[in-house]
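Me: I am new to this structure. Please show me how to read its features, one at a time.

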Amino acid sequence: VGLCVAHDDHNPSMWVSPQKGIVHCFSCDFSQDVIGFVQHVQGVDFQEACRILGAPETKWEPRSPIQQEAPPRPDRVTSKPPPDAGLPNMKMHPLGEPSRTWCYLDADGAPLGYVARYVDPETAHLPPEQQGKEIRTWTWGARPGEGDAPAWGCGQFTKPRPLYGLDRLAARQLADLQAKRPAAPILLVEGEKAADAAQALLPQYVAMTWPGGAMACRKNNLEPLRGRRVDLWPDADDPGYKAMESISNLLTDIGCHGKLVNPRGLPEGADAADWPATEDLIPWLRERSTWYAPPNPAPQDSAASLPPPISS
């Protein structure tokens, strides 16, 4: 396992399989055989990659027609698991059992899938704050045309992927309607752990996130957020900030407005889960937030009466 060569990887996500002669990144889905890997890393064509790998000069020509490669396997299609699906067996070799899991729920509170965090076995002896992590997603699905019945498996949700916190959003919407109060704003962060921490820190918000990390920021179903105030708190690193900038454009397209936090001053990669419990968060957010899309000049009554969680 190592840092992926295809994206800005901070936690080792690329697995090398010597037996199969392939590499695969579980974060950005980069996948290559040995020759393709050399082509990507060295920036060379197929023939030069073969030469680098030691292929001899030859004038050999095939005596029989070259067999066409088998068509790629169809992508696994995921769906909502049936009520009797039970829990997936999330034990993986060599990662073992997950150290923590998060269940993605729909608006009715029914499970859609799970995100699991594993401790890197090579760092398991270190203190928790120094341990490496591996993130895997467990979903219900099957590959079409292969005759297999849908089942739990390790693989991402079919695009567009659901958001984490749909159940929170539905519950808050119902409570707001019953209390005849304005719709609560949403705080979008990167990662399930950060979303849970943000919800505890800022209960006036509905804290949500998406699966797959920064590289998957454009693969999600944002329709449940249409027309709402959505503030964005990225991780304190370049990929996290760029991901939130990208999401802000998508949100603007569906009528959302809100502020983007610049997490300057935090340690590299820090998020809501790293915020010191003794420090006041609101002044920090107010100082570092700017509108990515301002409110409508003539907002609806519910929006007009809502005090902004982060000041103008």
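**Reading the features**

Reply: At 45% relative accessibility, arginine 226 counts as partly exposed. Buried means under 20% relative accessible area, exposed over 50%, and partly exposed in between (1.4 Å probe, protein chains only). This is a predicted model: local features need pLDDT of at least 70, side-chain atom pairs count only at pLDDT 80 or more, and totals for chains, interfaces and linings use all residues. Residues are numbered from 1 along each chain as its sequence is written, and side-chain values use heavy atoms, leaving out hydrogens and water.

Me: Which side chain does arginine 226 meet in a salt bridge?

Reply: Side chains of opposite charge can pair when their charged atoms come close. A salt bridge puts a side-chain nitrogen of Lys or Arg within 4 Å of a carboxyl oxygen of Asp or Glu. Arginine 226 meets glutamate 223, at 2.7 Å from N to O. Glutamate 223 is partly exposed, at 40% relative accessibility.

Me: How many salt bridges does the structure hold?

Reply: Nine. One of them joins arginine 288 and glutamate 287, at 3.1 Å. Arginine 288 is buried at 15%, whereas glutamate 287 is exposed at 55%. Shared partners also link Arg100, Arg168 and Asp196 into one network.

Me: How many disulfides does the count come to?

Reply: A disulfide is a covalent bond between the sulfur atoms of two cysteines. The rule here is a pair of cysteine sulfur atoms within 2.5 Å. The count is zero. For cysteine 25, the nearest cysteine sulfur belongs to cysteine 4, 3.7 Å away. Cysteine 25 is buried, at 0% relative accessibility.
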